[in-house]
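Walk me through this structure.

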Amino acid sequence: MKLVIDESRCKGCNLCVLVCPYTIFQEGTKPNRRGIVVPVLDRPERCTNCRLQALYGRTLCGVCQMICPDQAIHWKEEEPYEAHRVEVEY
Amino acid sequence: MTSARDWLRTDRLPHIYCTGCGNGTVINCTLAAISGMGWERDETVFVSGIGCSSRAPGYIQTDSLHTTHGRALAFATGVKLAKPDLNVVVFTGDGDLAAIGGNHFIHACRRNVDMTVVCMNNQIYGMTGGQGSPTTPMGAQSTTTPYGSAEAAFDLAELAVAAGANYVARWTAYHVKELTKAIATGLQTPGLSFIEVMTQCPTNYGRRNKQRRVSDMIEHMRTHALLIEKKRRLESEGTPIPEGMFTVGELVRRARPAMGVRR
């Protein structure tokens, strides 16, 4: 699973920055096309819910998703990892 | 089992609430609790009055009633008594419930009609431009109280306890997990369940009360929330309770005879 902020819904209130126990959400710096400073994700793979949601079969922490007043935070299924053929040049 | 996302009307999003408004959080928590109940969309009705909070049913994919100011509970009583099989959830605000609909509120509690009332208390009339409401705390600034409110605020949860609601709880928009649990308990309880949620209104309340940023309002709610168990303990010990605190937690759970329940 992958943590995603929906930029078309986010209004930049930074409530997620306040509540995330891993400080994955960081205040953004650049305004987007709509003039809203959307928070940026700092190493989102640390999120427990991303890693263990499928294993436990339930949402583990999910406080950012619950507190987000604009329903902008959700988890997305990632495409399964595909092995790539790597040519090693000597 | 549906997820909370399935209940949202995604074509209406993003909603009209201001940046950092707590009403969206309350919608999330309510939908999470409802999706845990396993209800069908056709069997659930959302009723609301007038105000910021009462726009919430417009973002939920069920049948809803957007009624006149303060009369949400009167309409909801009618819905429940005409069709007792429907699950009725009422979204209302503090101006809607405490000011103009005060009488409907106490009588709905007295009749103990089987429904869940979620009151988003932002302590001000947010939509009309920040007028003082009955829940504006003493000393707080608003457009109609420029020298600070001189009146004591209404304690809605205690009012519901006194009027006879079956389940009464109060949480804030910061305590999302506890709030979801409280709403879920309220949905399961027969009779009127009243859940008061203190929400932040940075645009109209915070801006005039030195809490301009959303984080300031959240911090204020976090530090000024006092658990009901702790309050009772402090009272029994005789320790004075600090100024400006409000109680959170489950105030009452009882089984008075309810109206509108199929036997």
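In this predicted model, the contact between the chains draws 18 residues from chain B and 13 residues from chain A. On the chain B side, two elements give two or more residues each: α1 (23–37) and α7 (214–224) of chain B. The largest share of that side comes from α1(B), with six residues.

The crossing of α1(B) past α6(B) is right-handed. From α1(B), the contact uses B:T25, B:C29, B:T30, B:A32, B:A33, B:I34, B:G36 and B:M37. From α6(B) come B:V176, B:L179, B:T180, B:I183, B:A184 and B:L187. The contact residues split into ten nonpolar and four polar, with no charged residue.

Helix α2 (residues 72–82) and helix α4 (residues 102–111) of chain B have axes that come within 8 Å. Those axes cross at roughly 35°. On one side of the contact are B:L73, B:A74 and B:T77 of α2(B). They meet B:H104, B:F105 and B:A108 of α4(B). Four of the contact residues are nonpolar and two are polar, and none is charged.

Now the annotation. UniProt, in an unreviewed entry, places the feature "domain: Thiamine pyrophosphate enzyme TPP-binding" at residues 50–197 of chain B. In the model, that span is 33% helix and 19% strand. Its end C-alpha atoms lie 17 Å apart.

Next, the backbone of chain B. Which peptide bond is cis, with omega near 0°? It is the bond from B:L13 to B:P14. B:P14 sits in the segment before α1 of chain B. Further along, B:Q123 has a positive phi of about 65°, although this residue is not a glycine. B:Q123 belongs to the loop between β4 (116–121) and α5 (156–163) of chain B. Is B:Q123 buried or exposed? The cut-off for buried is 20 or more other C-beta atoms within 10 Å. B:Q123 has 24, so it is buried.

A:R43 is not a glycine, yet its phi is about 45°. A:R43 lies in the loop between β3 (40–41) and α2 (48–56) of chain A. A residue counts as exposed with 12 or fewer C-beta neighbours. A:R43 has 9 inside 10 Å, so it is exposed.

Finish with A:Q26, in strand β2 (residues 25–26) of chain A. Which residues does A:Q26 touch, leaving aside neighbours within four places in sequence? They are A:V17, A:P39, A:V40 and A:D42. A:V38 is twelve residues from A:Q26 along the chain, and their C-alpha atoms are separated by 9.2 Å.

How values were computed: Residues are numbered from 1 along each chain as its sequence is written. Chains are lettered from A and ligands numbered from 1 in the order in which they are written. This is a predicted model: local features need pLDDT of at least 70, side-chain atom pairs count only at pLDDT 80 or more; totals for chains, interfaces and linings use all residues. Two residues are in contact if their C-beta atoms, placed from the backbone, lie within 7 Å. Helices (H or I, at least four residues) and strands (E, at least two) are DSSP runs, numbered from the N terminus. A crossing is left-handed if the near helix is turned anticlockwise from the far one by less than a right angle, and right-handed if clockwise. Ala, Val, Leu, Ile, Met, Phe, Trp, Tyr, Cys and Pro count as nonpolar, Asp, Glu, Lys and Arg as charged, and the others, Gly among them, as polar. UniProt positions are given in the numbering used here, feature names are shortened, and annotations may be inferred rather than shown by experiment. Axes are lines fitted to C-alpha atoms, for helices over the stretch in contact, and angles run from 0 to 180 degrees between N-to-C directions.
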